[in-house]
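Here is a short briefing for a reader meeting this structure for the first time. Please keep the sequence and the 3D view at hand while going through the points.

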Amino acid sequence: MATKRSEIKTELKKALKSGEIVPYFQPMVGIRTGLLVGFEVLARWLHPQRGTIHPDVFIPVAEQADLIGELTETILLQAFAATTALKRDLNISVNVSPIQLRDSSLSEEIARAAAMASFPLHRLTIEITESALVDNLELAATIAGKLKQLGVKLALDDFGTGYSSLRNLQALPFDELKVDRTFVSSMIQSRDSRKIVAAVIGLGQSLKLTTVAEGIENETQADILRWLGCDVGQGWIYGPPVAARDLSKIIDAPMST
Ligand code: C2E
Ligand code: CA
Ligand code: CA
Ligand code: CA
């Protein structure tokens, strides 16, 4: 395993240079309107021998090898360029790693990348996972404040799976709350899951946050979420993540449910 990791590390360095790390785009859809509101940007490694590698495999390596800054930058630049080319008023949501919330230059890097692509920052949402916030809430709050000054929106990702969720919500200026996929997928079988999702959506509403549910795979889940008043949905039912070249097909196709 150790050798495997260091092998991936060497390869990842090369992959970043040769353009094998690319953004994929998953539709985010208004749950009541059925209208496309934007995309979540999800990194993919298009490996010439191994095929498509998912971020769960290479993001931890990038973090450990101090390559995550470079990775975020290449993803942002490509995502900005692809979305700008669509000439629509669509939002993009980009994931940042926990360790990047300790890097006070993050906001400058994002601003620079956006300027290069003439991408308006009010259309960018940065998704932060809860575990990111545990050990350095104060520094994270400073960085979050800088991002907000640029007009960037902030989403609390995977809500309910991390630590001290409510404290995080209170400490940082979030705009959006993402209900974790694990709750959405167990909603149909489990009444408790349904109640948890209802409570999270209610919490988001009372804090005036946009509520987003991820991992929606079927109509029943979409119906329940609509009924609960969730704002935005994401999942196979609306479409999987796609490459930049397929974006134009999606924006012209009507969304289902
Ligand atoms: P996440 O932010 O929670 O992203 C949602 C994950 O759920 C994505 O996996 C997506 O492909 C998957 N998904 C979407 N709809 C459905 C569905 O209906 N059913 C199921 N079963 N899954 C669905 P993916 O793309 O493999 O990404 C995994 C994680 O890697 C992400 O979780 C995110 O935390 C991280 N990640 C992805 N791209 C980046 C990046 O550019 N930078 C950083 N730091 N992390 C990233
Ligand atoms: Ca995310
Ligand atoms: Ca998530
Ligand atoms: Ca996740």
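F80 and F119 are both buried. They belong to a predicted model.

**Aromatic pairs**

- The model holds 3 aromatic pairs.
- F25 and F39 make up one of them, and this pair is edge-to-face. The ring centres lie 6.1 Å apart, with 80 degrees between the planes.
- F25 sits in strand 1 (residues 21–30) and F39 in strand 2 (residues 36–47), so the pair ties together parts that are 14 residues apart in sequence.
- F25 is buried, at a relative accessible area of 0%. F39 is buried as well, with 0% relative accessibility.
- The rings of F80 and F119 are stacked, because their planes meet at 25 degrees and their centres are 4.6 Å apart. Planes under 30 degrees apart count as stacked.
- F80 comes from helix 3, while F119 lies in the loop between helix 4 (106–116) and strand 5 (124–129). This pair links distant parts of the chain, 39 residues apart.

**Nonpolar core**

- The largest nonpolar core has 76 residues. Within this core, L124, I126 and L225 touch the most other members.
- Helix 3 (residues 68–86) supplies the largest share of this core, with 8 residues.
- Which residues does I126 contact, leaving aside its neighbours within four places in sequence? They are V94, V96, I110, L147, V152, K153, L154 and A155.
- In soluble globular proteins, nonpolar side chains tend to be buried together.

**Calcium site**

- Four residues provide the protein donors of the calcium ion (ligand 2): E40 (OE), N95 (OD1), E127 (OE) and D157 (OD). These donors lie 2.1 to 2.4 Å from the ion.
- Along the sequence, the donor residues follow the spacing E-x54-N-x31-E-x29-D.
- N95 belongs to strand 4 (residues 91–96) and D157 to strand 6 (residues 153–159). N95 and D157 link distant parts of the chain, 62 residues apart.
- Are N95 and D157 buried or partly exposed? N95 is partly exposed, with a relative accessible area of 30%. D157 is buried, with a relative accessible area of 4%. The cut-off for buried is under 20%.

Technical notes
Residues numbered from 1 in each chain as written. Chains lettered and ligands numbered in written order. Predicted model: local features only at pLDDT ≥ 70, side-chain atom pairs only at ≥ 80, totals over all residues. Heavy atoms only, no water. Core = buried A, V, L, I, M, F, W, Y, C linked by side-chain atoms within 4.5 Å. Buried < 20%, exposed > 50% of the residue type's maximum accessible area, 1.4 Å probe, protein only. Helix = DSSP H or I, 4+ residues; strand = E, 2+ residues; numbered from the N terminus. Contact = heavy atoms within 4.5 Å. Donors = N, O, S within 2.8 Å, 3.2 Å for Na, K, Ca; no water. Phe/Tyr/Trp six-rings, centres within 6.5 Å; stacked < 30°, edge-to-face > 60°.
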